[in-house]
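Here is a short tour for a first look. Have the sequence and the model open side by side as you read.

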Amino acid sequence: MENYIVSARKYRPSTFESVVGQRSLTTTLKNAIATQKLAHAYLFCGPRGVGKTTCARIFAKTINCMSPTAEGEACNQCESCVAFNEQRSYNIHELDAASNNSVDDIRQLVEQVRIPPQIGKYKVYIIDEVHMLSTSAFNAFLKTLEEPPHHAIFILATTEKHKILPTILSRCQIYDFNRISVEDTVSHLSYVASKEGIRVEPEALNVIALKADGGMRDALSIFDQVVSFTGGNVTYKGVIENLNVLDYEYYFRLTDYFLEGRVGESLLLFNDVLNKGFDGGHFITGLSSHFRDLLVSKDPITVSLLEVGANIRQRYLEQADKCPLPFLYRAMKLCNDCDLNYRASKNKRLLIELALIQIAQLTADGDGVGNGGQVAERKTLKTVSVRPEQTSAVSMKGDAVVASGGQVRIQPSPLSTNAQAGNGASATQAASSVTNEPPLKKDVSTASADNSMPIMKLSNIGMSIKHPKLKQQHITQTSQKASTTSTGPSPEKDEAFNNEDLNYYWQEYANKLPNEQIAIAKRMQGIHPMLINNSTAFEVVVDNEIVSRDFMALTPEIQSYLQEKLKNSKIQMRVRISAPAEKVKAVGRVEKFQMMVQKNQALMQLKDEFGLEFY
């Protein structure tokens with residue numbers, strides 16, 4: 001009986017052309033060989049099973065080939081190629097750094113590098129899993145790696161580039177290998193199946209490619225496993241059964257349930273998935289991917305991102321037409337949140353079931369799409385203008401009353417006779433029927449003279465438990481003040497102020513500046529503005545033009561702030577650059593304290609009482 005060879009070894013590429021999914025890298029290596037521009041050290045890095053070691057072997061064989069082809073490939077006929085194919089070449093050495101990672105192993109390698117090749121031009125040293133070398137081994141390898149003999153070429157291969165010392169990386173040409181696409185993987189598996197005489201379904205190969213996650217070696221290993229299970233007839237059902245993969249059909253049915261708002265059927269389907277032994281985290285991850293595939297199927301531009309077979313692709317396109325975009329956005333968000341919380345949840349099944357219920361509710365009502373799954377009945381709020389004497393009457397009828405500016409919103413309660421009558425009365429008529437008043441106009445801004453009475457906010461209605469008289473007095477004063485202001489605004493007189501008041505609010509403004517303006521805030525805290533000749537204008541003295549420009553830009557804002565705080569509309573700010581002989585003294589902590597004491601003498605008593613000092 002002939003010895004069986006797994007597909008990953010039997011169909012391992014032997015030429016650059018047969019390498020799958022790394023076209024740009026193989027082209028670069030072929031051009032380097034053709035132009036004789038070979039580096040002394042290469043670093044091949046990337047995920048497992050994408051062809052790093054394979055490309056290193058092909059490269060080593062090709063540079064030693066005595067008669068390469070016009071396409072830059074090895075001839076496989078010369079003595080060097082034959083010796084390599086028969087695994088007896090002395091010019092190519094492979095070292096597994098995972099088991100030979102000590103300083104002694106590297107020193108032994110360095111001693112071998114000095115010996116020139118007997119056949120061919122180069123001695124190639126392929127060090128696999130180079131990130132496993134110890135720090136001491138790396139340091140012992142540095143000098144040789146930087147200046148090897150002219151006949152020595154090093155090819156380092158690793159899956160974890162970040163673990164390699166920067167001094168090693170700087171001495172190598174780095175080639176990053178990509179994950180192999182699903183399309184390339186399916187194509188290569190079809191080639192292997194045709195060579196082996198195995199019948200396959202395209203959807204089955206697509207599932208194998210997705211399971212391999214970009215690794216060709218993993219894909220071929222899974223392929224061999226499935227072939228053994230199915231007896232040479234690889235079908236879609238056989239693959240999902242053998243690999244324990246959830247069928248697409250579950251997700252298509254579940255999405256139909258969501259679109260129809262059928263919560264019960266969704267939960268039963270999830271229970272069926274759990275009974276078949278599938279993990280809940282795997283299920284919610286697959287559901288997220290399903291919604292993502294539906295989203296990319298909505299636009300012809302993004303359909304190319306759909307990595308499924310032709311038959312399933314058509315089903316995605318058909319179901320995507322039924323799914324509104326807001327539904328897909330919210331469903332993806334809910335699935336992602338569930339996936340993030342799955343590991344920390346103690347009741348994982350309930351977590352997923354809640355997510356399924358929320359997704360099903362997204363389309364339970366017309367207004368439910370896009371509102372986070374919270375479908376609730378909405379009652380129309382009636383907005384009317386109500387006079388003070390009417391608000392209490394409205395409240396006694398049991399309706400929900402909400403103050404909004406100068407208006408009152410009335411939400412009919414279940415016991416309200418107007419709400420149950422259903423006679424289509426307007427909001428204004430409903431409010432007037434409660435108080436037996438004629439209807440009022442809805443818009444306060446367009447009210448007539450009859451409607452010019454002040455509107456009372458509901459926050460003022462009622463009484464205080466502790467001070468009932470004060471509360472009632474406050475209501476009366478508020479009404480009187482509102483009636484006074486309704487007759488017309490009275491001109492306010494500008495109040496007087498002094499330097500202490502000015503400096504107090506100057507510092508207050510400086511302390512309110514945001515962190516982005518911390519520099520000018522510090523400047524303001526060190527400046528002591530002074531009134532000019534007892535007028536309303538004050539002067540700010542700065543020491544250079546740059547600071548002057550900053551203060552000039554803030555002048556309107558500072559003036560407005562001080563006018564409001566000091567209640568004087570005539571305040572003006574002037575900025576002046578100090579003369580050469582003039583000293584602008586910054587206000588220190590002692591000066592600040594003295595200014596505060598002038599405002600409040602109790603601070604000095606507090607300082608003396610506790611024996612406080614300035615530092």
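## A three-strand sheet

In what order do the 3 strands of the open sheet β11, β12 and β13 stand? The order is β11-β12-β13, and the pairing is mixed. Keep in mind that this is a predicted model.

The edges belong to β11 (530-531) and β13 (572-577). Each has a single partner strand, so one side of each is left without a neighbour in the sheet. β11 and β12 (residues 537-542) run antiparallel, joined by 2 bridges. Within this pair, M530 stands opposite E539 in β12. A helix accompanies the sheet: α24 (residues 545-566) lies across β12 and β13. Its direction is at about 170° to β13.

Now move to β3, which covers residues 123-128. This strand is mostly covered, with 5 of its 6 residues buried. Strands of a sheet pair through backbone hydrogen bonds, either parallel or antiparallel.

Which sense does β3 take with β2 (residues 92-96)? The two pair in the parallel sense, over 5 bridges. H93 stands opposite Y125 in β3. Between the two strands, the chain passes through helix α5 (residues 103-113). This β-α-β crossover is right-handed.

β3 also pairs with β4 (residues 152-158). These strands run parallel, and 6 bridges join them. K123 stands opposite A152 in β4. Helix α6 (residues 135-146) comes with β3 and β4 in a β-α-β unit, which is right-handed.

## Helix α13

Helix α13 has 13 residues, 263-275. At 1.5 Å a residue, the helix should span 18 Å. Its end C-alpha atoms are 19 Å apart, which agrees.

Which residues of α13 are buried? They are S266, L269, F270 and V273. These residues cover an arc of only 100° around the axis, which puts them on the same side of α13. The other side of α13 has L268 and N275, which are exposed.

What covers the buried residues of α13? The cover includes α12 (248-259), α14 (280-297) and α17 (348-361). Just after α13 comes G277, with a positive phi of about 90°.

Most residues other than glycine have a negative phi. Two residues in loops are worth a look here.

Take E129. This residue is not a glycine, yet its phi is positive, at about 50°. Where does E129 lie? The place is the loop between β3 and α6. The cut-offs explain the label: buried means under 20%, exposed means over 50%, and partly exposed is in between.

D213 is not a glycine either, and has a positive phi of about 55°. Look for D213 in the loop between α9 (202-212) and α10 (216-230). Its relative accessibility is 48%, so D213 counts as partly exposed.

Notes. Residues are numbered from 1 along each chain as its sequence is written. This is a predicted model: local features need pLDDT of at least 70, side-chain atom pairs count only at pLDDT 80 or more; totals for chains, interfaces and linings use all residues. Side-chain values use heavy atoms; hydrogens and water are left out. Helices (H or I, at least four residues) and strands (E, at least two) are DSSP runs, numbered from the N terminus. The expected span of a helix is 1.5 Å times one less than its number of residues. Buried means under 20% relative accessible area, exposed over 50%, partly exposed in between (1.4 Å probe, protein chains only). The arc is that of the directions from the helix axis to the C-beta atoms. Contact means heavy atoms within 4.5 Å. Two strands pair if DSSP finds at least two bridges between them. A crossover is right-handed if, with the strands pointing away from the viewer, the path from the first strand over the helix to the second runs clockwise. Axes are lines fitted to C-alpha atoms, for helices over the stretch in contact, and angles run from 0 to 180 degrees between N-to-C directions.
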